[in-house]
Amino acid sequence: MKDRLLTLTVLGLVFAVVLAFAGVAAAAGLPGAQFEQPLLITSVGQSADGQMVRVLAQRAGLNFTYDSLAGADAVSGYRTLVLVVGGSSKGLGAAGINLDQEEQRAQALIGAAKNGGVGVVVMHVGGEARRGDLTDRFVRAAAPRADYLIVVADGNQDNIFGQIAGDSIPVDYPGTVGEAGGYLKAAFK
Amino acid sequence: MVGTKKTALALLTAAVAILILVTPQFTAMHTADTINKGPGVTAVKMLSDYFAGLKNTPGDTAVYVLDSGKPGGTALVVGGTHPNEPSGYIGAILLVEKARPTKGKLIVIPQANASGFTHNDYSEGSPQRFALTTPGGERWFRYGSRATNPVHQWPDPDIYVHAASGQKLSGSETRNLNRAYPGRPDGTLTEQIAYGIVELISREKVNLAIDLHEASPEYPVINALVFHERAMDVAAIAALDLEMEKIKIGLEPSPKTLRGLSHREWGDATGAMAVLMETANPAQGRLRGATNEALVLTGQDRMYERAAKLGRLFIPYDKNGQPLSLRVARHVTATMVLIRDSFEKDPRQAVVVTGVPSYREIVTKGVGAFL
């Protein structure tokens, strides 16, 4: 009888632990489609990762506009702003802007979105290879004000996105850019 | 010690002996590598067929045409822009020897800067050649220099001024083919080679032009694809498709302000979608140890392992290094995916290429198995 009670207690504890972790996992990700279309997709950092998200949105059949240099005035008319964060010195050079100008543009975009009740989704699909001082500056500028984060897992090896998200921002970590497209699609009504 | 006629004579004799010993090695760099015509090759032209000014110059080079005979688009693959970046030209040679187009036309220039193959960078301690084991036995390839041979183009100016833009670079860049585009018919030898390639792209109405390169593992634009804005869509689609094949490739837009490079000037001067791809060659890096044939072939280097552990590299790097076969596999597979994806929107312009080994085949069997 005593052994049976012990077994049941252990099983109960294991079940409770499993449930607790499942709860954390569910709370960390986006629980369901919360965002509305149309979307404005833009780059923060002028890497070509934005182009990949554009292709993902196209394949997902989303109603979107892609403008890598969209300004704050472009936000009106859209229900969701998608910021693809990834710094590229080549990209910034190609766009003819510097880091400060790009960061200001990102802040202005987010400000306009928040004022207009537009959802903000921040994506990082460049992974480990894209991380570095340049990208991290843009991550810190954009991610804390996001309503949802989609981060390709190997870009979060130092848990920078996890720390930013804390308990307040839903975050999903797809394994590949292709999988990120699935999360993007699922986020929209 | 006071010199005498005897010591002078002895020194002179020693110098002559050394000269006699090293001359064959030095001149061996002028012996062309063997490139076999594969089953898909329908014509072998010369770059001078597109720009006559190159005829009988060290800048002239072979152009392999693989024409399916069926209507379609035209794709160009260029290797050997920098002859010290072997995955580019070995990948291009593999295409010459294996590819069989069934629609459209594939054109391959395996050794774009032929002059650069006739010397190497003495101050880098680079090997002159490396050998691959092939079904036909050991096959040697030259490991050349990044730049045109100064014997063929000399002297370098203090400052190289890019003719089309006025952009200023260091003097030695005047012999860098990938700073010379779109080139000039009356310019330096390097500018004439560049001009010949741009003429080829225009005359052959090339739709997609791919330039295969390598760079050091500590360079940020590595395992990457740099694209002209006209190639933006296809680059993004190809990157996603490559990811599905477990090949990660970074995307970088071609800066409009960085002039003279293929991904910028081919796109601006012609109607082609221009892209440049980079793999990681530790033999080119600043952190490397002994620079020898083994390093070229295996890409294994203890210093790079340390650098990777310190987070100083932009690619995953462990004791397995970055073998030449892996680098060639990346280039060849990405080239095939780009060719396929480029013409997805307009099947009338399609180039369909068969006969090329897969990424897995090249990595597991080694690139030599296909040469």
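Student: Before we look at anything, what does buried mean here?
Tutor: Buried means under 20% relative accessible area, exposed means over 50%, and partly exposed lies in between, with a 1.4 Å probe and protein chains only. By that rule Glu85(B) is buried, with a relative accessible area of 2%. The model is predicted, so local features need pLDDT of at least 70 and side-chain atom pairs count only at pLDDT 80 or more, while totals for chains, interfaces and linings use all residues. Residues are numbered from 1 along each chain as its sequence is written, chains are lettered from A and ligands numbered from 1 in the order in which they are written, and side-chain values use heavy atoms, with hydrogens and water left out.

Student: OK, and what does Glu85(B) pair with?
Tutor: Glu85(B) forms a salt bridge with Arg146(B), and their closest N and O atoms are 3.6 Å apart; a salt bridge is a side-chain nitrogen of Lys or Arg within 4 Å of a carboxyl oxygen of Asp or Glu. Arg146(B) lies in the loop between β7 and β8 of chain B and Glu85(B) in the loop between β3 (74-78) and α2 (86-98), so the pair ties together parts that are 61 residues apart in sequence. Helices (H or I, at least four residues) and strands (E, at least two) are DSSP runs, numbered from the N terminus.

Student: And Arg146(B), is that one buried or partly exposed?
Tutor: Arg146(B) is partly exposed, at a relative accessible area of 30%.

Student: Which residue does Glu97(B) bridge to?
Tutor: Glu97(B) forms a salt bridge with Arg139(B), where the closest N and O atoms are 2.5 Å apart. This pair also links distant parts of the chain, with Glu97(B) in helix α2 and Arg139(B) in strand β7 of chain B, 42 residues apart. Glu97(B) counts as buried at 8% relative accessibility, and Arg139(B) is buried too, at 11%.

Student: What about Arg264(B), where is it?
Tutor: Arg264(B) is found in helix α5 of chain B and is buried, with a relative accessible area of 1%. The side chains of Arg264(B) and Glu229(B) meet in a salt bridge of 2.8 Å, N to O. Glu229(B), in the loop between β11 and α4 of chain B, is 35 residues apart from Arg264(B), and Glu229(B) is partly exposed at 33%.

Student: What else does Arg264(B) touch?
Tutor: Not counting residues up to four places away in sequence, its contacts include His228(B), Ser254(B), Pro255(B) and Lys256(B), where contact means heavy atoms within 4.5 Å.

Student: Switching topic, how many residues are in the largest nonpolar core?
Tutor: The largest nonpolar core has 89 residues, and those with the most contacts inside it are Ile90(B) and Ile339(B). Such a core is a set of buried Ala, Val, Leu, Ile, Met, Phe, Trp, Tyr and Cys residues joined through side-chain atoms within 4.5 Å. Helix α8 (residues 324-342) of chain B gives the largest share of this core, 9 residues. A second, separate core of 28 residues includes Leu92(A), Val120(A), Phe138(A) and Val171(A).

Student: How many residues of each chain are in contact?
Tutor: In the model, 21 residues of chain B are in contact with 19 residues of chain A. The area buried between the two chains is about 1,700 Å², of which carbon and sulfur atoms give 58%; buried area is the accessible area (1.4 Å probe) that two parts lose on being put together, summed over both. Leu240(B), Glu243(B) and Leu251(B) supply 30% of the area that chain B buries against chain A, more than any other three residues.

Student: How many salt bridges are there between the chains?
Tutor: The count between chain B and chain A is 4 salt bridges. One of them joins Arg59(A) to Asp241(B), with the closest N and O atoms 3.5 Å apart. The largest share of the side of chain B that touches chain A, 8 residues, comes from α4(B).

Student: Last one, what is the mean pLDDT of chain A?
Tutor: Chain A has a mean pLDDT of 87, and 85% of its residues reach 70 or more; pLDDT is the predictor's confidence in each residue, from 0 to 100. Over residues 17-27 of chain A, however, the pLDDT is below 50, and beyond near neighbours in sequence this stretch has 0 contacts in the model. Where pLDDT is low, the predicted coordinates should not be read in detail.
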